[in-house]
Amino acid sequence: MTTPLISAHEVHRDYPLSGSAVHAVRGVSLDVMPGEYVAIVGPSGCGKSTLLNLLGAIDRPTTGSITIDGTAVSALPDRDATKFRLMSVGFVFQRFYLLPVLTARENVELPMAEAKVSVADRRARARELLGYVGLAERSEHRPSELSGGEQQRVAIARALANRPTVLLADEPTGELDAKTGSDVIALFDRLNRDGMTILVVTHDEKLAGAARRVVHMLDGRVVRDEPLLRRA
Amino acid sequence: MLAPEPGAVSGDTVRVAAILERRADPSEVARSEYRIRLHLDHLQRLISYGDRVDRFAVLSAGGDAADSVLKSVNQAAFGFRAYPSREIAVETSKTFLVVSRFHRAIGVITIVASATFLLCIMLLKVDERRRDVAAMRLMGISRSTVIRSVMVESSAIALVGSVFGVGLGFIVSAFVNSHYQAVYQTPLRFAVITPGTVVFSVVLSLLLGIGAGALAARRLARTPPLALFGR
Amino acid sequence: MRLQLAILSLRRHVSRTLLAMLGVTVSAAMLLDMVMLATGMRESFSSLLGRNGFTIRVSPRGTLPFDSEATIARAGDAIAQMKAVAGVTAVAPVLGTTIHALGSAEPVTAFALGIDPAVQGDYELLSGAEPAAGDALVASDALLRATSKAVGDTLDVAIGFDPQLRTYAGRRRLVISGRARFLYLSETDRAAAMQLATVQAMGGTQRADRASLFMVRTAPNVDPEQARAAIERALPRVTALSTAGAVAEAEKRLSYFRQLAFILGAVSLGVGFLLVTTIVTVSVNERIGEIAVMRAIGVSRLHIVQQIVIEGIGLSLAGAVSGLLLGLVTARYLNSILSAFPGLPDAIDFFLFQPSAAFRALGLLVASGIAAGVYPSWRAASLPISTTLREEAVG
């Protein structure tokens, strides 16, 4: 039996609010195998984005444990969590979050620069990744000169820069029209076929439908977790 | 005991009749020598000066009387030269003219530095409101209303700042006077704030503050709202 | 990439950055000028006094050199006693007086020094010869112009003027043996120097065997302070001042400028710091979302702080460099104003550029640029990432 790549056990996340607490995630346990493509769905406020942030070491659980590729991320001090995010996790946000002062290529190079990759190597890898996402000819454009879909693809390329173990995406098609959203969905599909483990949080039925497994959340809990029967 | 030279045999004995406070005379500032006043004939005897003086100060009825006294003395007395006090004051004021010019130059530099700082801060302050301005424009509020509202705010800041600045100026000048009066043991006032100074500073800071606010507000109002949101 | 991001961030709002740099430039210029003012007077006065190797000045008791018309009696004895003090290698007497150059319609009044040409330290000979004979003098260019004379001409001079009888006392006809630049006077001052004995003789009984001042040279390995104290012990009727003491006295008289320099310098530094802090803080606050994104993708807090600190340093450094240039220009202007002080020797500069002091001060400004960036950037980099991302829209 293969060991799960991601293993979350009884994870809780509470936020204090005017004397009481908001229980954003309540006792979620989840295992994700290498190469899986998982969609986490649920109504707004059900805790799916919070769960993704916890899995990506952007946030820390109040209680419970999270292990990714053998690393107990829930217990990592800030410096190690930062390193972990840099090297092991690729995060794609709903609002792209590209740095407006950098070109597409420079945005993709940013995590590699942080990881002390040489200029030549990171330049080559950035070009390769932008080619992979279909934006080779737009590499010197700034985000303001790119469409929403193009920006999101650059963001995906950036997320892949340091060859992460897992790709986490929070509503990646939330700001895109249907056509561009489809392009992004196709890209995710291709990434997964190439071996990338992907977790997406989404309201988008099409995106959820493209995944191999759907985890339903409600009120901070996982209420259903089922594989999707799809075409190969 | 007084003697005409240090180390000489002691001369006259005097009684200290009074202790004089220093006058508010700029030429006495930073001079640390001791001063005594004696009757003229006593000093003449002490230093063997004979029936001589260095100069006379003449009190006249003023105006035309001073001019005619001046003329009479210069015509009548051998080898004397009478000067109106005003002329002497001008000659001996050269040092203070230099200091005054220096202060003015420093003042100009300080004003330039302050003006630049003020402009910078006001531009930043207005720039910080870019999202509010964007939201207002998106709601349909006109450019002129936006500019007006931003300018009211920047004018208020400039006005309050000017008032505080004047107050601070009074406090600092009081401190400067008390400090230097203590250091130089003089009643002289070193920093004097006149109504003219107040008016000048307030007008200048208001002009700069409001001007900077207007510049920045116009720039913001001209920028498309979505661009203000960074889109 | 931190440097690149810092530069790009500064270029994002060009007018704001330029205005901030201008503000820092003016602050830096003012700071530099005040440092130059604080050190200039002391250094140039010290250098002037130390010229020709005279380390001690001796004046009538309780006075400073040429502070009053008092003179030291029995000058000959005084010289002998001072020469007997251990470490004293030379004693230069000086007797100051006013002379009147006669011959033209109006007599020309000038300041005269009676000196020993073999060991004087009051002037530099520009042309001609020292006043080796008792009937010779050297004159300043201003005196030569006023009397329309040249080297080699004769000059009728007198020392005393009786206003009652309108007669001059102590008249002499002297030969102008040379042109000189008087170190302790301004170029516009009319001045002459002649043998001490000549001035004493011209002054009659009032000036016989008297001197206004002695300048004393000590051996290099001798502590001037010790020699100074020994001179005062040997001659209770004088005040002896070492160069350091003379500088201190001059500083006391001009303490107003030093205090002004300190206050304005501190204010300039404060203003420069505030300006950079404000710019950096506003810039950071505008980019909190970007900072959160960088933290989310794995950029460390330290690197974010470094990037923002580089921005602060960039602003301060650019301002400091241009402030250095502006400061040198304004210092020249301000120096020209203060050099007009009546009676101030031309050799005295109020504003003196000393590289070490200047770079220390500007270094302080740049360091303040570092300090300005640290707190706001650390604070921004420490905000909770997920909450910040939710609240801030980026891109």
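## Chain B: an all-helix chain

Chain B has eight helices and zero strands, where helices (H or I, at least four residues) and strands (E, at least two) are DSSP runs, numbered from the N terminus. From the N terminus on, its elements therefore read α-α-α-α-α-α-α-α. The model is predicted, so that local features need pLDDT of at least 70 and side-chain atom pairs count only at pLDDT 80 or more, while totals for chains, interfaces and linings use all residues. Residues are numbered from 1 along each chain as its sequence is written, and chains are lettered from A and ligands numbered from 1 in the order in which they are written.

Of the 231 residues of chain B, 14% count as buried. A residue is buried if 20 or more other C-beta atoms lie within 10 Å of its own, exposed if 12 or fewer, and partly exposed in between, with C-beta atoms placed from the backbone. Among the contacts in chain B with a separation of 6 or more, 69% come from residues 24 or more positions apart; two residues are in contact if their C-beta atoms, placed from the backbone, lie within 7 Å.

## The interface of chains B and C

In this interface, 26 residues of chain B are in contact with 32 residues of chain C. The chain B side comprises 17 nonpolar, five polar and four charged residues. Here Ala, Val, Leu, Ile, Met, Phe, Trp, Tyr, Cys and Pro count as nonpolar, Asp, Glu, Lys and Arg as charged, and the others, Gly among them, as polar.

## Domains of chain C

Chain C is divided into domain 1 (2-48 + 254-391) and domain 2 (62-236), with bounds from an automatic or database domain assignment. Taken over C-alpha atoms, the domain centres are separated by 50 Å. Five residues of domain 1 are in contact with five residues of domain 2, and the domain 1 side has four nonpolar, no polar and one charged residues.

## Helix α3 of chain A

Helix α3(A), residues 104-114, is mostly covered, with ten of its eleven residues buried; among them are Ala104(A), Val108(A), Leu110(A) and Met112(A). The cover includes α2 (78-87), α4 (119-132) and α5 (148-159) of chain A, together with α10 (301-338) of chain C. Just after α3(A), Lys116(A) takes a positive phi of about 60°.

## Strand β6 of chain A

From β6(A), residues 89-92, Val89(A) and Phe91(A) point one way and Gly90(A) and Val92(A) the other, and all are buried. β6(A) pairs with β7(A), residues 166-170, in the parallel sense over four bridges; pairing requires at least two DSSP bridges between two strands. Phe91(A) stands opposite Leu168(A) in β7(A).
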